[in-house]
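Hi,

Here is the structure I promised to pass on. My notes on it follow just below.

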Amino acid sequence: MKPITVTLIVNEQPRTITTEPNRTLLYALRDDLGLYGAKDACGGEGECGACTVILDGEPVNSCLVLAGQADGCHVETIEGLAAGGQLHPLQRAFVETGAVQCGFCTPGAILAAKALLDRLPDPTDDQIREALSGNLCRCTGYTKMIAAVRRAAEDMSHVR
Amino acid sequence: MQEIDFYRADSLDDLYRLLAETGGRVIAGGTDALVQMQRDAFPAAVVIDASRIADLRYIREDGDRIEIGALTTYADLLASSLVRRAAPSLIAAAETVGAPQTRARGTLGGNIANASPAGDTLPPLLALDASVTLSSARGVRILPLGEVLRGPRQTCLEPGEIIASIAFRRLPQPSGSAFIKLSNRRGMSIAVVSVAAALALDAAGRIAEGRVALGAVAPTAVRSPAAESVLAGEVPGAETFRRAARAALDDIAPIGDVRATAAYRREAAARLVVRALNGAWEHAGGRAGA
Amino acid sequence: MSADTFTVGKTEIRKDAWDKVTGAAAYVDDVALPGMAVGMVVRSPHHHARIMQIDARAARDVPGVLAVVTAADVPGSKTFGPLAQDRPALAVDEVRHLGEPVAIVVAESKTAARRGVKVVAVEYEPLPAVFDPTAALEPGAPQVHPGGNVVTRYDVAGGDVEAGFAEADVVLEHVFEVPRIAPGYMEPEASTAEWNADGTLTVWVSSQKPFEDRHQIASVLGLPQDAVRVRSAVIGGAFGGKEDSGLAILAALAAWAVKGTVRLVNNRHESFLAHPKRHPARLFYKLGAKRDGTLVALQATVHMDTGAYSSYGPAVGGLLTEMVPGAYRIPHVRVETLVVYTNSPFSGAMRGFGSPQAHFATESLIDMLAGELGMDPLELRRKNVLRPGDRFFTGAPLDQTASSLPVILEHVAAARARLAAIPAPAGRVAGVGFALAVQSMGLGYRVPDDSTNRLEWAPDGTIRVYVGAPDLGQGLATAAEQIAAEALGIPYGDVRALAVDTALSPNGGVTCASCMTYVVGNSVMMAARQLIETLLAYAADKLSVPRAALAYRRGTVVLPSGETIPVAEFASRAADEDVPLRAEATFSFPYPEATTPKHLPVGMPHGMFVFGGQVARVEVDRDLGTVEVTDLVAIHDVGQAINRAGVEGQIEGGVATGIGYALYESVRLKDNGQWVDGFTEYLLPTAEDVPARIESVIVEVPEASGPHGVKGVGEITLVPTAPAITNAVCDATGVRVTAIPITSEAIARAADPA
């Protein structure tokens with residue numbers, strides 16, 4: 001395998017790595033950049049959403065993107081969401097609603113929800129469920145996650 | 001994770017060159033290819049990423065012809081009011097692909113290249129009588145989608161050849177299309193059986209042209225000529241649709257697997273054909289049959 | 001919230017939530033230690049085979065490979081196990097299930113480790129395999145272990161079942177089947193072990209039982225217990241499946257082999273194949289009743305598939321046996337449970353621990369009986385539910401806790417009426433069903449069940465809680481913090497629980513058995529009383545006043561004058577003197593000598609119980625057989641909610657897991673000889689597969705011995721779900737499902753036999 005050099009613009013910061021060509025974006029973030037917020041729960045099959053990041057504005061399973069495919073792209077990870085130390089309304093809502101239990105699915109779910117709210121600021125419950133349908137959670141039964149997204153949407157509408 | 005070498009093509013010329021030089025295999029969104037690599041089952045040692053070739057990502061209308069670049073994602077389709085108007089069945093299928101994360105990356109061309117019998121967009125594209133433009137450094141050839149799909153995970157693509165675009169013609173009005181997918185779970189679903197239908201009606205309200213295609217019930221997604229010949233010239237409605245559904249069973253050969261038995265797939269296919277035809281008829285302005 | 005508490009009963013925000021929403025929470029795989037190597041496991045491709053030879057030379061020659069470890073290298077005990085030591089750390093001479101660990105490749109990188117794994121040459125001679133517990137009991141069945149396939153047999157009776165059936169007007173006999181399911185925690189197992197220069201090991205785990213892990217690791221490594229330090233990382237869910245030391249032992253072996261630091265992380269497939277599942281079972285039931293609905297006799301024979309190794313199978317079998325009569329008084333009961341070895345991936349502890357299996361059969365059969373008698377299933381249950389003063393068929397007495405059952409039934413009735421009024425949309429039929437459940441708390445009589453926890457005043461006057469049992473994500477730490485804060489009268493914000501570290505924490509027991517808030521809470525309250533004594537004695541000494549002259553109030557020492565001194569003044573001074581103010585206390589799960597029956601096998605009976613009921617509304621597409629759960633109301637007696645949102649979270653998560661049990665999940669053998677072992681085929685419910693809002697109804701009938709009246713809630717929340725759903729499906733379609741998960745085909749076929 002010939003190493004490849006890739007520049008990722010991670011949370012607005014350009015980061016250049018030289019890595020193995022079969023490295024996924026997920027493991028580029030984790031092993032090359034030390035950003036551990038995106039998780040591997042399904043073994044790289046795109047079936048759990050725990051590795052969700054926002055790639056050029058779209059929610060993606062970072063386990064199904066080769067690092068080389070993301071060269072030059074903007075990658076938004078959970079670590080970048082709390083701008084200036086201020087939690088994003090979604091983060092706050094997840095905390096305050098009790099939507100966090102073991103937390104392993106939480107970063108991915110929050111980013112999937114952020115991609116939804118970026119596109120659709122006032123979603124219905126069904127739209128929230130659809131937006132979270134790629135993010136498996138075994139702890140919460142989703143009830144409080146859905147409530148948290150609803151609450152964040154309301155909080156954000158007050159800001160607007 | 002399978003060991004590979006990786007190249008990225010930024011233009012079509014780049015892509016042809018890399019294909020020729022490396023003998024590699026093209027990936028686009030990667031939503032199927034990466035899963036194969038994860039299982040050491042990707043059929044090549046060199047991966048050429050085409051996902052960034054802007055020239056292959058478009059949705060165009062030319063008279064009654066709609067052409068979609070192979071790198072158009074499911075999310076692109078869903079955002080397109082043109083596709084929404086012209087091919088609601090394709091929209092309905094795109095909506096059921098995986099989860100938002102899959103729809104953001106997965107491409108229409110990839111769905112064809114992957115040639116899964118259960119590929120969600122394949123039945124609606126077949127029922128739209130879609131054609132596929134294959135291109136290579138040697139030139140282009142245009143084939144009906146049904147000829148591109150050769151078997152499970154098999155296409156007619158030759159070495160050096162890629163899927164460039166998919167095109168279909170709008171049916172003359174009044175017409176309609178529909179897609180229905182049966183799966184074992186609502187979220188992130190994989191088709192147990194899927195059916196797409198398209199109907200065009202004549203001035204007398206009879207079926208001028210009816211097309212039916214099915215997924216996950218044969219080695220590839222398939223059209224059903226038997227059902228279509230039942231439909232041609234008939235008055236749309238429950239009786240006609242039921243006959244078409246029975247006929248469709250002659251054109252499928254489902255297998256049993258972890259998701260469903262062959263027998264259940266047959267029964268469900270018949271029911272879904274009726275429902276899809278009803279949906280298409282309703283969309284064409286007709287009244288749903290029983 | 002109770003009138004006289006200030007934090008107990010309130011929804012306090014769990015303190016780990018902040019790290020979890022920012023990505024800062026460190027799970028095992030999120031900490032890269034210097035010089036850390038990677039371990040990967042060579043696994044059996046066979047269900048059952050003799051190992052003829054292992055040739056690791058080619059693997060050792062792969063650049064970057066540091067070591068290959070096989071059973072021959074294991075320095076201590078070759079086998080381990082929580083109850084019976086029947087499971088090899090690495091396969092010895094034979095593999096008994098697909099995915100069994102055969103060797104570990106330790107390498108400098110993942111790529112090198114993968115290359116190494118591929119070239120470890122293992123020569124196998126395949127042996128016949130058996131996958132069904134009933135088949136495994138047949139004469140001539142392949143033998144999984146030399147001692148035969150029956151791991152444990154229980155035969156427990158109360159009353160005289162033959163006489164009972166003689167009294168019965170109606171007798172129903174049915175066979176039920178429940179699947180093998182995966183715990184489905186999102187974080188696959190992971191462990192990092194570090195070999196220290198002094199010949200000791202530090203092992204980071206994602207585990208429900210760090211102290212037990214220490215014991216097992218020490219045994220396999222041939223080390224004294226105190227040479228092994230086990231530390232809990234943040235845990236990404238467990239649900240019983242992380243009551244297993246397997247991967248931690250492999251990490252320890254790998255670190256020992258290279259005298260360095262090695263991390264092992266299972267991928268999802270490995271997790272499916274080589275970590276505990278919930279036992280599949282076949283349950284043969286016979287129920288007898290009077291014409292008026294009075295239950296008189298129940299006989300059950302249960303074949304439970306524990307797979308290739310026993311794990312907690314014998315204990316699960318014991319609890320399943322006890323749970324067979326459910327929440328009902330039945331004078332004559334006999335249950336025979338056989339825990340059987342097969343060549344399936346092994347099963348062990350999982351949320352419910354035998355109760356979900358028993359309840360699926362019992363709650364289905366009660367509804368079937370109601371149908372047979374032409375009675376309303378709710379009336380039938382009202383007539384037969386346990387009451388305070390009743391005894392279980394084991395002889396275990398039932399106290400006031402059973403007074404919650406009529407309350408639960410009234411909530412069930414109300415929810416059922418409300419949901420039944422919702423019309424079905426076009427093209428679908430709707431139905432409403434419900435089920436009751438009982439779940440025990442604690443490990444059972446004569447099983448050591450102690451929890452020791454420690455409180456310590458930090459120099460700044462805040463409290464550190466050394467909870468000796470890990471928080472799996474369910475919120476144990478938060479509950480302990482709230483109880484400690486309440487006991488000491490200080491703000492919740494001033495109390496912080498620490499992660500388990502066997503070098504620093506007392507042994508709080510295994511996090512399991514629906515009893516952690518109960519046992520840890522009791523222990524913390526005991527420790528708090530002692531801590532106040534310790535503080536006042538120290539303060540009296542420093543102030544040169546008699547101890548009796550001082551009082552404690554809300555983080556201060558009160559002088560006779562009424563003047564107060566903040567605890568921080570004493571705590572900081574004590575810390576400076578290196579005699580920190582701390583107290584620890586052990587709470588032992590109570591089994592009153594006078595009333596606990598003594599004639600039963602070890603682990604029986606359980607002595608404390610919780611009750612619940614759930615009502616499900618389903619919509620069914622009759623033609624296709626597809627089922628959607630549109631509404632679910634879950635009613636649970638929790639004694640006293642410590643953290644309301646936390647309790648709701650337990651209920652909502654349990655219900656979702658119960659929906660998966662009813663509709664989707666099964667680790668089964670496919671036609672190609674492979675197991676369903678990934679999330680593509682093993683379907684967990686998604687946000688679109690559960691109702692948008694699972695409704696919780698929290699009933700609070702206090703447990704006298706519980707901290708603030710607490711009872712357990714961890715497991716029962718998924719126990720009634722599956723039968724409530726199948727009962728609802730029957731209400732909608734008339735189709736009685738006796739095997740879960742429900743398949744669309746079974747519904748479509750039965751609804752339209754043509």
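Chain C has an open sheet of three antiparallel strands, ordered β22-β23-β24 (strands are DSSP E runs of at least two residues, helices H or I runs of at least four, numbered from the N terminus; two strands pair if DSSP finds at least two bridges between them). Its edges are β22 (551-553) and β24 (564-566) of chain C, each pairing on one side only. On average, neighbouring strands are turned by 30° against each other, direction ignored.

β23 (residues 556-558) of chain C makes three bridges with β24(C), in the antiparallel sense, and C:V558 sits opposite C:T564 of β24(C). Helix α14 (residues 516-543) of chain C lies across β22, β23 and β24 of that chain, at about 125° to β22(C). (Angles run from 0 to 180 degrees between N-to-C directions, with axes fitted to C-alpha atoms, for helices over the stretch in contact; contact means heavy atoms within 4.5 Å.)

This is a predicted model: local features need pLDDT of at least 70 and side-chain atom pairs pLDDT 80 or more, while totals for chains, interfaces and linings use all residues. Residues are numbered from 1 along each chain as its sequence is written, chains are lettered from A and ligands numbered from 1 in the order written, and side-chain values use heavy atoms, leaving out hydrogens and water.

Now for chains B and C: α12 (residues 262-283) of chain B packs against α18 (residues 744-751) of chain C at about 65°, axes 10 Å apart. From α12(B), B:A263, B:Y264 and B:E267 meet C:S744, C:E745, C:A748 and C:R749 of α18(C).

Cheers
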